[in-house]
Amino acid sequence: MHRAGALRGDVQRREFIGFVGCAAVAWPVAARAQQAAMPVVGYLGASSRETTERLVAAFLLSLKEAGFIEGQNVAIEYRWAADQYDRLPAMAADLVRRQVTAIVAVSQLAAVAAKSATATIPIAFTTAVDPVATGLVASLNRPGGNMTGVMFLGGQLAAKGLGLLRELVPNAKTTAVLVNPDNPNAEVQVEQVQEAARALGLQVLVLKARSEVEFDAVFVSLAQQHADALMVAADPRLISHRNRLVALAARHSVPTAYFSREFVTAGGLLSYGSDIADAYRHVGVYVARILKGARPVDLPVIQPTKFELVINLKTAKALGLTVPSSVLAIADEVIE
């Protein structure tokens, strides 16, 4: 009896050890399968994480609200060009090689790089340039292909921004516009500012800068050519250097209008433009829908409906400007 019981015990022990061994093998396999099943979103940014943190946060929040939390049930591979636009094509190609589930391309140049890298992986973009005119999509309502996204208005709002600047500087005769010549939308932006200036009886001085080392020369030109005010055109590189631009505008006492609130919170005079964070939220919504099975071809390109005017009264006072009550009344935010 003893011997039989011992044999049964040995068998049971061997079965248990075998079960544990199988489980030890099975758990890593299951974990790898779960990890492999997690969708991966490639995030292609023309600027840097530091200069666009508020916008990235808006994107991630909209993903979370749709049920996708970074690191839990979705992974995100970030690629940042740090304003070196020629790096974007290689970064887009790297994301394609990694077989990401979808690509987020923030800026026109990032969108172009992503489009060139793949015709199959879904792409959601943000752009300040007409995506139909530049060939990203076939139409706004039926994008076609593997791309869709959000078009926020930049240069298209030049007339309104210039008009607001004129109300703060009513005696202005000449207004300068600063553009990044590497931006594919630069020529269109200049034309829009010139058209708006003609309607207001203003002369326009066009200035170009593609890097921070050129900014000092821009403001020297402003003084030499007696420009009364400045408009900074929409561009990811210029917004990356907003602190430098705002500091130079203050040092040279140049009333300046910008396209994004980031400049005004950094001390700039005023901004008028699309709510860019809202555009990033919409992209997050689209990415979530794509992860759930939607096709870009069925998702119309979103056009902005929300615009914001932000004014810095402290800066206006330092410049000796009075902000009319009519302008304050329509401001979305007033910084004092």
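This is a predicted model: local features need pLDDT of at least 70, side-chain atom pairs count only at pLDDT 80 or more; totals for chains, interfaces and linings use all residues.
View 1. Strand β6 covers residues 174-179. β6 and β7 run parallel, and 6 bridges join them.

**View 2. An open sheet of 7 strands.** The strand order is β7-β6-β8-β9-β10-β11-β12, and the pairing is mixed. Two strands form the edges: β7 (203-208) and β12 (333-335). Each of these edge strands pairs on one side only. Neighbouring strands in the sheet are turned by 20° against each other on average, direction ignored.

View 3. α7 spans residues 215-224. The helix lies across β6, β7 and β8 (229-232). Against β7, α7 runs at about 160°.

**View 4. Where helices α2 and α11 cross.** α2 covers residues 53-65, and α11 covers residues 276-291. Their axes come within 7 Å and cross at roughly 35°. The crossing is right-handed. From α2, the residues R54, L55, A58, F59, S62 and L63 take part. They meet I276, A277, Y280, R281, V283, G284, V285, V287 and A288 in α11. What kinds of residue make up the contact of α2 with α11? There are 11 nonpolar, 2 polar and 2 charged residues.

**View 5. The buried residues of helix α4.** α4 runs over residues 108-117. Which of its residues are buried? They are Q108, A110, A111, A113 and A114. Several elements cover them, including the strands β1 (40-45), β3 (102-106), β4 (123-127) and β5 (147-151). Helix α3 (88-97) is also part of this cover.

Key: Residues are numbered from 1 along each chain as its sequence is written. Side-chain values use heavy atoms; hydrogens and water are left out. Buried means under 20% relative accessible area, exposed over 50%, partly exposed in between (1.4 Å probe, protein chains only). Helices (H or I, at least four residues) and strands (E, at least two) are DSSP runs, numbered from the N terminus. Contact means heavy atoms within 4.5 Å. Axes are lines fitted to C-alpha atoms, for helices over the stretch in contact, and angles run from 0 to 180 degrees between N-to-C directions. A crossing is left-handed if the near helix is turned anticlockwise from the far one by less than a right angle, and right-handed if clockwise. Ala, Val, Leu, Ile, Met, Phe, Trp, Tyr, Cys and Pro count as nonpolar, Asp, Glu, Lys and Arg as charged, and the others, Gly among them, as polar. Two strands pair if DSSP finds at least two bridges between them.
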